[in-house]
Amino acid sequence: MTVDDSASGASAPGPSGPGTPIGRDQHTPHHEVDHTVQPTADPLAIRLEQLILGAERRYTPFQAARSAGVSMELASRFWRAMGFADIGQARALTEADVLALRRLAGLVEAGLLSEPMAVQVARSTGQTTARLAEWQIDSFLEGLTEPPEPGMTRTEVTYPLVELLLPELEEFLVYVWRRQLAAATGRVVQVADDEEMVDRRLAVGFADLVGFTRLTRRLEEEELGELVESFETTAADLVAAYGGRLIKTLGDEVLYVADDAATAAEIALRLIETMEADPQMPELRVGIAFGTVTTRMGDVFGTTVNLASRLTSIAPKDAVLVDGAMAEELSRTGAAPVSEKEAETEPDEGAAYRFALQPMWQRPVRGLGVVEPWSLTRRKRR
């Protein structure tokens, strides 16, 4: 809801210089200001908004910033970060908007967060909840609001349905967020080196459906959507069940991480085995790399991530390729033998190995030079 300060008789300075309307400078990424619709005058939409927000429209953006005791420039940065669209000086904000601004600004004033960090908190929260809200509407609200009886309109069904769902969904959202926050905090405090709290050593895995582009031309849109949903759901369940963390889904591809190499390897093989057992699913290939990873706003970046992606692109169908660091880590932790010869000479120890590693031909990988991938398989019990 980024706006200019026309209501006060002056324009606030923006990144493009004094007098530039806030929220309309050329440096603002499009995805940061296009997550919500403009205020509407539709009576039902206004009633639903008041029900969900718990308050009536009362303030223009300038009035909200002034009531919160923050500058219009800072308020605009927060609103942009949360993903709200420009609304000019429409009277569309509520007491909740004022309170949110006041809270963020208060965290900065108290020294608990720097201003850039507060903006980052607003952005990560806005992007995550925007996707969640869209998913909930697309997945079940549209279906549930189909008129149950002839003669009833969707309008007559929507309001009471939202009224019933809202408190339950809100409580569940807070519960899941607290659970996830506790888990993330636990992982961080267990890191021995403070530097590893941001740049950590992780196993990064990409799983990619083979021939997805051809499927998009052959399947109907509904069939394709069901296939993607099935793949993402299966992958998310397996990653969570075996101790990994799903970073993101990209339709035909998922990205996950694990704190240890053996967990990432187990997830990769489970994904392959599960997809093989489903005749409706195309083949899958997985690439895993182990090394230092930079984490930002729930995503992961760095050479290790890029290498995992490249390994996936060269992996055979229904196979897992790992890099040398991943193979070394599996051997170091006793999950796989250094070589099959070693396992044969030590039968007792060999029986405990979970995975088998086979070196492949060295090959150049775009942007990363020459790498030696290893084929990862499940070790057969003797």
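Among contacts between residues at least 6 apart in sequence, 65% link residues at least 24 apart in this protein. Keep in mind as you browse that the model is predicted. Its secondary structure amounts to 13 helices and ten strands, and 38% of the 382 residues are buried.

**Surface**
- The protein exposes about 21,600 Å², and 53% of that area comes from carbon and sulfur atoms.

**Where helix 3 meets helix 4**
- Helix 3 spans residues 72-82 and helix 4 spans residues 95-109; the two pack with their axes 11 Å apart, at an angle of about 105°.
- Because angles of 65 to 115 degrees count as roughly perpendicular, helix 3 and helix 4 are described as roughly perpendicular to each other.
- On the helix 3 side, the contact is made by Ala75, Phe78 and Trp79, while helix 4 brings Leu101, Leu104 and Ala105.
- Sorted by type, the residues of this contact between helix 3 and helix 4 come out as six nonpolar, no polar and no charged.

**A closer look at leucine 311**
- Is leucine 311 buried or exposed? Leucine 311 has a relative accessible area of 1%, and since buried means under 20%, leucine 311 counts as buried.
- Setting aside neighbours within four places in sequence, leucine 311 is in contact with Gly287, Ile288, Leu321, Val322, Asp323 and Pro373.
- One of these partners is aspartate 323: it lies twelve residues from leucine 311 along the chain, and their C-alpha atoms are separated by 7.7 Å.

Definitions and conventions
Residues numbered from 1 in each chain as written. Predicted model: local features only at pLDDT ≥ 70, side-chain atom pairs only at ≥ 80, totals over all residues. Heavy atoms only, no water. Buried < 20%, exposed > 50% of the residue type's maximum accessible area, 1.4 Å probe, protein only. Contact = heavy atoms within 4.5 Å. Helix = DSSP H or I, 4+ residues; strand = E, 2+ residues; numbered from the N terminus. Areas by Shrake-Rupley, 256 points an atom, 1.4 Å probe, with all protein chains shown as cover. Axes fitted to C-alpha atoms, helices over the stretch in contact; angles between N-to-C directions. Parallel < 35°, antiparallel > 145°, perpendicular 65-115°, else oblique. Nonpolar A, V, L, I, M, F, W, Y, C, P; charged D, E, K, R; others polar.
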